[in-house]
Structures are given as C-alpha cells and as structure tokens.
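Subject: A structure for you to look at

Dear colleague,

I am handing over the structure below, and I would ask you to open it beside this message while you read.

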Amino acid sequence: MRSIFFGSPEFAVPCLEALHAMSEVVGVIAQPDRPAGRGLALRPPAVKVRARELGLEVWQPTKVRTVEFTERLRALEADVGVVVAYGRILPRTVLDAPRLGCVNVHASLLPRWRGAAPIQWSIVHGDTETGVTLMQMDEGMDTGPLLAKATTPIEPSDDAGTLSERLSRMGAELLKEELPRYLAGALRAEPQDETRATMAPLLRKEDGRIDWWQSADAVHNQIRGMNPWPGAHTSLGERRIKIHRAVPSTLDPEGARPGEVTALDPEGILVACARGTLEIQELQESGRKRVDARSFISGRRVAVGDRFSHEG
C-alpha cells in the first residue's frame, strides 16, 4: 500500500507512525514552519520533525489549491491519503489524487464537534464521552461519511492536554485496525446525521476569559477545556491571573457576589459563582511562576472579600 499523510501538530504524530508501520508513506504534507517563542524563531511542526526522523519526504506547501501541487500528488500514485489535524480544508482535486481518496481521523464522535477544536469544546460544554472517528473526506468541514468510531469517557480530571494525548493514541489504534479494512472494501460508509451536528471553532485567546456569572461547574469545565491553551484567565484588581487547576465546591455562601473570594484555606481559594463555589488550586499571576493556592495565599496576594473580574 502506498499512502500520503497530511498532518501538522503533535496530535497527528502517532497516526503518522501507525501509517508508516503498515504502508509505504510516499509523501508527508505538513504546514509551513511558524515563528514561536520569545525570539520568534521558526519552529517546524511536530509531524515534520517525526517524518524526517523516519526518513520520509516532507512537503510544506503554502497553497494547496494549485495545479502544480495536485499534479505532484498524483505523480506519487498513492492508494490512499490519511489526514490528521492538517489544518486546512482540502479541495476536491487534492482529495481525489490518491486512488481511493482521503480519509480523516477526527478527535470527536462526529457529527458532534466538527471543526478545529473538538477536544476543547467537548470539555467546555460538559460532555461526558468523546472519541475518535475515521471518515471519508469530502470538501466540507468534517462532513464526510463515517467509517468507524472508538469512544472514551471524559473524566472529571481530564483537561484538553490529557484528553488530547489519549485521543491521539486512540486515533492511531483506530487507523491500524480499520484502514486495511477500508482498503479492502470491508467498511460501509454511513452519512452523518446533519440534525445532530455541532461546530468546534478555532480557539481564540478571549475564549479563555472567565465569566463568573456562570455556575461553578461551567467555570470548572472552561478551565479544563482551555488548558493548556489559551488558558482560562481572570483579573484580580489590576493583575491578570491564569487559573490552571480548580474544582467545584459544595459550599454555596449566601450573599456572595460572583467572583468574590469567600474563604481561604491551604487547599484552595474559594470563589463564588452564579451557582456554587469554585476552589482554585493552582494559579499564575502574569509575569510570575505558576503556584499552588497555599503559596499564593501565603504571599498575601489575595484576601477574603477580594473579587475576581471577567474584565481581563
């Protein structure tokens, strides 16, 4: 089997490794290197790094809707294309370049959470289950027919980072199990139920801004879903605070305003929400190190009656 792999971030690396183990990968397509870090030095995507380690040819086109790119793909005479978090919508000419078209490993149970950030939005919205889907690709945003799925619970302790790692491994296992069956014609493609579709748009920094006029459970889910990026953040006076870890508390003090600090203890900073209370366990003031609640309290950087604000 000859295959082409499209992918960019760390999430896609296990699928690249799985595809390499079961086929001849004749080309790897990744996003261009991007500036990163304080010095804004160009940083290659994780897929490019791993592909080079495996001795695979890597392309990083700035445009995928050109005749030249399509002809180059066709010249590879691949049987199938595998797309995992590549980061661009591919045109029909590219999708049709491999003999059997392209399949996608997507990090949700489609049609729920189509789009760029399915892992994060599934947590933010309080889903208790998610998974990975193998689908035939069309020109839409994750709208193609479904081939196979694998499911996993979303644990209360999961954040977007831990869940991404688990789904990444699951995606590779699903690909190993089901891609040979797809190539043999043993999988039946089923159209998606459009009435059940939801969208997971690309994350913005402002999606991490905490609105304390939500329930404690909703704020907790936002903190988990926005970790590690863009991070859930709030303001304490003039200071910008990023909250890394918190849990809902059963305490619900009467008369407290949303965002108000109602109690301090060695385990956490208790903050009132519209319903319930959130116990902040790890946080980080802008320009300082990440610390636990005990250290933040002992540094006298917060007091009962202080109020966190969403204007930050």
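Please keep in mind throughout that this is a predicted model. I begin at Leu183, which, leaving aside its neighbours within four places in sequence, is in contact with Met1, Val80 and Leu100. Leu183 belongs to helix α6, which covers residues 160-183, and the C-alpha atom of Leu183 is separated by 16 Å from that of Ala172, 11 residues apart from it along the chain.

You will find Phe5 in strand β1, residues 2-7, and its relative accessibility is 0%, so Phe5 counts as buried. If residues up to four places away in sequence are not counted, Phe5 touches a list of residues that includes Ala12, Leu16, Val28, Val47, Val82 and Val84. The C-alpha atoms of Phe5 and Val80 are separated by 8.8 Å, although these two residues are 75 apart along the chain.

On the surface, Ile89, Met141 and Met199 form a nonpolar patch, and together they have about 260 Å² of accessible area. One of them, Ile89, lies in the loop between β6 (80-84) and α4 (92-95), and with a relative accessible area of 38% Ile89 is partly exposed.

Finally, here is the protein as a whole. It has eight helices and 18 strands, and its C-alpha trace spans about 70 × 45 × 30 Å along the principal axes. Of the 312 residues in the protein, 51% are buried, while the accessible surface comes to about 15100 Å², with 49% of it belonging to carbon and sulfur atoms. Among the contacts between residues at least 6 apart in sequence, 64% join residues at least 24 apart.

With kind regards

Key
Residues numbered from 1 in each chain as written. Predicted model: local features only at pLDDT ≥ 70, side-chain atom pairs only at ≥ 80, totals over all residues. Heavy atoms only, no water. Helix = DSSP H or I, 4+ residues; strand = E, 2+ residues; numbered from the N terminus. Contact = heavy atoms within 4.5 Å. Patch = residues over 30% accessible without salt bridge, like charges linked within 9 Å, V, L, I, M, F, W, Y side chains within 5 Å. Areas by Shrake-Rupley, 256 points an atom, 1.4 Å probe, with all protein chains shown as cover. Salt bridge = Lys/Arg side-chain N within 4 Å of Asp/Glu carboxyl O. Buried < 20%, exposed > 50% of the residue type's maximum accessible area, 1.4 Å probe, protein only.
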